[in-house]
Amino acid sequence: MHSILDDFASEVRRKRKIMGFTQRQLSDKLHMSIRTVQDLENGISNPKAETILLIAKELNISIDAILFPELSTSTVSKT
């Protein structure tokens, strides 16, 4: 079954590669084990919210876009 964590894992892998980081380099930047990054990207782990936020911040990943992909980022409701 496809999940939000699967979407996040795909986005982490995509953005990490775009930014030119290896899994080791990203794990070193975040002071995490390489296994944490590998497990997240492979959909094996169920990471803590803190881990998700740190990775998202480092790779400039929008958590809103992952959680609510159906919402358009170009419009904001005023109500």
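The following legends describe close-up views of a predicted model of a single protein chain.

**Figure 1. Overall arrangement of the helices.** The chain contains five helices and zero strands, giving the order α-α-α-α-α from the N terminus on. Of its 79 residues, 30% are buried. Among contacts with a separation of 6 or more, 63% join residues 24 or more positions apart. The accessible surface of the chain amounts to about 5700 Å², and carbon and sulfur atoms contribute 54% of that area.

**Figure 2. The largest nonpolar core.** This core comprises 14 residues, and the members that touch the most others are Phe 8, Val 12, Leu 26, Ile 55, Leu 59 and Ile 61. At least two core residues come from each of H1, helix H2 (23-30), helix H3 (34-41) and helix H4 (49-59). H4 provides the largest share, with four residues. In soluble globular proteins, nonpolar side chains tend to be buried together.

**Figure 3. Surroundings of Ile 55.** Ile 55 is one of the core residues that touch the most other members. When neighbours within four places in sequence are set aside, Ile 55 is in contact with Phe 8, Val 12, Leu 30, Met 32 and Leu 40. Two of these partners, Phe 8 and Val 12, are likewise listed among the core members with the most such contacts.

**Figure 4. Arg 16, a buried residue of H1.** Arg 16 lies in helix H1, which spans residues 4-18. Its relative accessibility is 7%, and Arg 16 therefore counts as buried, the cut-off for that class being under 20%. Beyond neighbours within four places in sequence, Arg 16 is in contact with Phe 21, Thr 22, Gln 23, Leu 26, Glu 41 and Leu 59. Of these partners, Leu 26 and Leu 59 also belong to the largest nonpolar core.

**Figure 5. Helix H3 and the residue pair of views around its end.** The buried residues of H3 are Val 37, Asp 39, Leu 40 and Glu 41. They pack against H1, H2 and H4. One of them, Glu 41, is a contact partner of Arg 16, whereas Leu 40 is in contact with Ile 55. Just after H3, Gly 43 adopts a positive phi of about 70 degrees.

**Figure 6. A nonpolar patch on the surface.** The patch is formed by Ile 4, Leu 67, Phe 68 and Leu 71, which together present about 370 Å² of accessible area. Leu 71 is located in the segment after helix H5 (63-67). Because its relative accessibility is 55%, Leu 71 counts as exposed; the cut-off for that class is over 50%.

Notes. Residues are numbered from 1 along each chain as its sequence is written. This is a predicted model: local features need pLDDT of at least 70, side-chain atom pairs count only at pLDDT 80 or more; totals for chains, interfaces and linings use all residues. Side-chain values use heavy atoms; hydrogens and water are left out. Buried means under 20% relative accessible area, exposed over 50%, partly exposed in between (1.4 Å probe, protein chains only). Contact means heavy atoms within 4.5 Å. A nonpolar core is a set of buried Ala, Val, Leu, Ile, Met, Phe, Trp, Tyr and Cys residues joined through side-chain atoms within 4.5 Å. Accessible areas come from the Shrake-Rupley method with a 1.4 Å probe; for residues, only the protein chains shown count as cover. Patches are made of residues with over 30% relative accessible area and no salt bridge: like charges are joined within 9 Å, nonpolar side chains (Val, Leu, Ile, Met, Phe, Trp, Tyr) within 5 Å. A salt bridge is a side-chain nitrogen of Lys or Arg within 4 Å of a carboxyl oxygen of Asp or Glu.
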